[in-house]
Amino acid sequence: MKKKFAWGSFSVLAVAHMINDMYSNFLPQLLPVLTLTQGFSVHAGATLVAAFTISSSLLQPLFGYLVDQKGQRWLVFVGTLWMSLLLGTIGFISNYNLLIVTAAIAGLGSAAFHPQAAAMVGELGYNRKGLILAMFTAAGNIGLALSPLILLQLFHVYGTKITWVAVFPGLLGAILLYFFSPRSERKQNKSGGLRPVFKALRKSAGELSKLMVIVAIRSLVHTGLMTLLPLYLLAKNFSPQSTGNLLFATLAMGALGGVIGGIISDKYGRKVLIIGSLALASVFFWGFLNTGELVSFIMLVLGGMALLSSFSVTVAAAQEIIPESKALASGLSLGFAIGIGGLAVSPVGKYADLYGVDAAVHLVFILPIFAAILAVFLKDQVGAEKIEQEAAK
């Protein structure tokens, strides 16, 4: 008998994902103010962003393993509250080293939330995994999009001391998750230990490695876009409000692109979607940098849409490569690979200091084409046929 989809539980997880990913774009919106008030270089600011990105990402596989073994429902609401409380203190810290440490520790909240939440979504009962993960991811991308729309203007008007308001969305999300997030019904791998995990990873190492490199490159582009574009647009004499609106449009269309990408991947396969979306992202970003006025803005928005249309698809692909460890797969694709991409943001910031923000933006925007080339070598082992077989069960 087919299990009915739990829309109520999914809605709570989606709202919580939106709140969590809003915090992922918190520091890039604070960065322009920090460079003005505290004299940060682009490299120093990018390193601060990287500290949060790396800790929030690289430890996700560890949390994913814990979820696969025992299930840790508390991670979603404690992680959300933890992150919001620490980011709320950022504006009151003047010591740079302490800022780095605080950002890194705050990122642990995101690392705790994502694998457990993704595993919960996977258990809710639905036969179109690409679509439902895309909807979950789209909620997160909406949070990313709301950050510049709200925070960039807020920080420019009130300064860094207004960061305390970050506590309230996290508190709301934690309360919703505590009372309404789903309780797991699946059997946990209590006796398996690490051996079956290592066996699954060895078996799929080649395919999984290619996918992780692709996700890492896309992560570098995405994090670079969020970090460099506010600086790039403000340097072009855009107002904070106009910059926030443009970034919102770019990231919001990325959320829509994720849903469309999930639908396409369910019908035509993950590989086709990954290759096409990444190649188109570079084309559109090139158009943004080499056209003018309205056309360039349309190109930027389409580039964001194309880039993020493979976000949930790579999560679904990872889960299908190692289906016996879904939370670990989510941690690898949502976390570890994104963290590796985040590691490169700091050197990109240094590159911007040496050669200018314009040059750094050009460098970042050409990278998706290399990820698309690597995706050609992925196995086309999942897609429409498999989805149809699952739906028929």
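Asp358 counts as partly exposed, because its relative accessibility is 33% (buried means under 20% relative accessible area, exposed over 50%, partly exposed in between, with a 1.4 Å probe and protein chains only). The model is predicted, and local features need pLDDT of at least 70, side-chain atom pairs count only at pLDDT 80 or more, and totals for chains, interfaces and linings use all residues. Residues are numbered from 1 along each chain as its sequence is written, and side-chain values use heavy atoms, with hydrogens and water left out.

Asp358 forms a salt bridge with Lys236, with 3.1 Å between the closest N and O atoms (a salt bridge is a side-chain nitrogen of Lys or Arg within 4 Å of a carboxyl oxygen of Asp or Glu). Asp358 belongs to helix H17 (residues 357–366) and Lys236 to the loop between H10 and H11, so the pair ties together parts that are 122 residues apart in sequence (helices are DSSP runs of H or I with at least four residues, numbered from the N terminus). Lys236 is partly exposed, at 41% relative accessibility. Asn237 lies in the loop between H10 and helix H11 (240–268). Asn237 is not a glycine, yet has a positive phi of about 70°, and its relative accessibility of 71% makes it exposed.

Four salt bridges are found in the whole structure. Asp266, Arg270 and Glu320 are linked in a network of them. The N to O distance is 3.0 Å for Asp266 and Arg270, and 2.8 Å for Glu320 and Arg270. The latter pair links distant parts of the chain, 50 residues apart, with Glu320 in helix H14 (residues 311–321) and Arg270 in helix H12 (residues 270–290). Glu320 is buried at 7% relative accessibility, and Arg270 is buried at 2%.

The structure holds three cavities of 30 Å³ or more (on a 1 Å grid over the protein atoms alone, a cavity is a set of points where a 1.4 Å probe fits but cannot get out; lining residues have an atom within 4 Å of a point). The largest cavity contains about 290 Å³ of space. Its lining has 20 residues, of which Ser24, Ser57, His222, Phe311 and Ile338 are the closest to the centre. Among the elements that give two or more residues to this lining are helix H1 (7–24) and helix H15 (326–343).

His156 lies in helix H7 (residues 129–158) and is partly exposed at 30% relative accessibility. His156 and Leu30 are 126 residues apart in sequence, with their C-alpha atoms 8.6 Å apart.

Conventions:
On a 1 Å grid over the protein atoms alone, a cavity is a set of points where a 1.4 Å probe fits but cannot get out, and a pocket is an open set with protein on both sides within 12 Å along at least five of seven lines; lining residues have an atom within 4 Å of a point. Grid points are joined across faces, edges and corners, and a volume is the space filled by probe spheres set on the points.
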